[in-house]
Amino acid sequence: MNRKKCGIRTEVRFSGMVIFLFLILSSCIDDPPTHPEVSDYQSYLDMVWELYDQKYVAFDVKNVDWDAVHDMYSQMIPGVNSNTELRELITQMVGTLEDKNAFFEDFDPLAYPYHFPTYSPDIEINYVDSVLMQLLEPWEFEWDSTMGVMWGSCVIDSIPYFAIRHFDFFFTFYNFSSEV
């Protein structure tokens, strides 16, 4: 009875090895591969496009054919040769939404710049600098750029006034805490 068990186990092992060998050899039939080349860059572009497609809330007010945008930028992927070029392409793609609140960040502490806006609208200046300076001169107004943004302040009749040339994502009211 022990011999039969040993014989069956040997046959099962041998059959298993034959099947295993057959599977290994059959996996080499498609050598060289005939399937299309997989592009990781395309996968990243598709992922960002899909995230916006599913989560972006302003498509109703934007006049953008998001599917056509995907097709157009997918055709540009073969020309992408680096992560930097991919980031620039994806930034342009999302920039077609013309949303100044859409941006990307690089969380690598050594990366600079680490904040990538996808759209920067032209800033419309609503004052004449020489006139503003003439009006504020009696209160010793001066521009300051120590916080990375051009701004200025003065106090007129105990009321603080602030002038900011342009806002930046990281420039918040906390920057004024020492001024008030």
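Where is Glu-98 found? Glu-98 sits in the loop between helix H4 (83-95) and strand S1 (103-105), and its phi is positive, about 50°, although Glu-98 is not a glycine. The structure is a predicted model, in which local features need pLDDT of at least 70 and side-chain atom pairs count only at pLDDT 80 or more, while totals for chains, interfaces and linings use all residues. Residues are numbered from 1 along each chain as its sequence is written, and side-chain values use heavy atoms, with hydrogens and water left out.

The chain holds five helices and five strands; these are DSSP runs numbered from the N terminus, helices being H or I with at least four residues and strands E with at least two. Read from the N terminus, the order of elements is α-α-α-α-β-β-α-β-β-β. Of the 180 residues, 22% count as buried (under 20% relative accessible area, with exposed meaning over 50% and partly exposed in between; 1.4 Å probe, protein chains only). The chain exposes about 14500 Å², with 58% supplied by carbon and sulfur atoms (Shrake-Rupley method, 1.4 Å probe; for residues, only the protein chains shown count as cover).

Glu-140 is exposed, with a relative accessible area of 68%.

Next comes a pair of helices. The axes of H2 (residues 40-55) and H3 come within 11 Å and cross at roughly 170°; axes are lines fitted to C-alpha atoms, for helices over the stretch in contact, and angles run from 0 to 180 degrees between N-to-C directions. H2 and H3 are therefore roughly antiparallel to each other (over 145 degrees; under 35 is roughly parallel, 65 to 115 roughly perpendicular and the rest oblique).

His-70 belongs to H3, which spans residues 66-74. This histidine is buried, with a relative accessible area of 17%. Leaving aside neighbours within four places in sequence, His-70 is in contact with Gln-42, Leu-45, Asp-46 and Trp-49. With Asp-46, the link is a polar contact between side chains at 2.7 Å (a pair of N or O atoms within 3.5 Å; within protein, one must be able to donate a hydrogen and the other to accept it, and residues adjacent in sequence count only if both atoms are side-chain atoms).

Methods:
Contact = heavy atoms within 4.5 Å.
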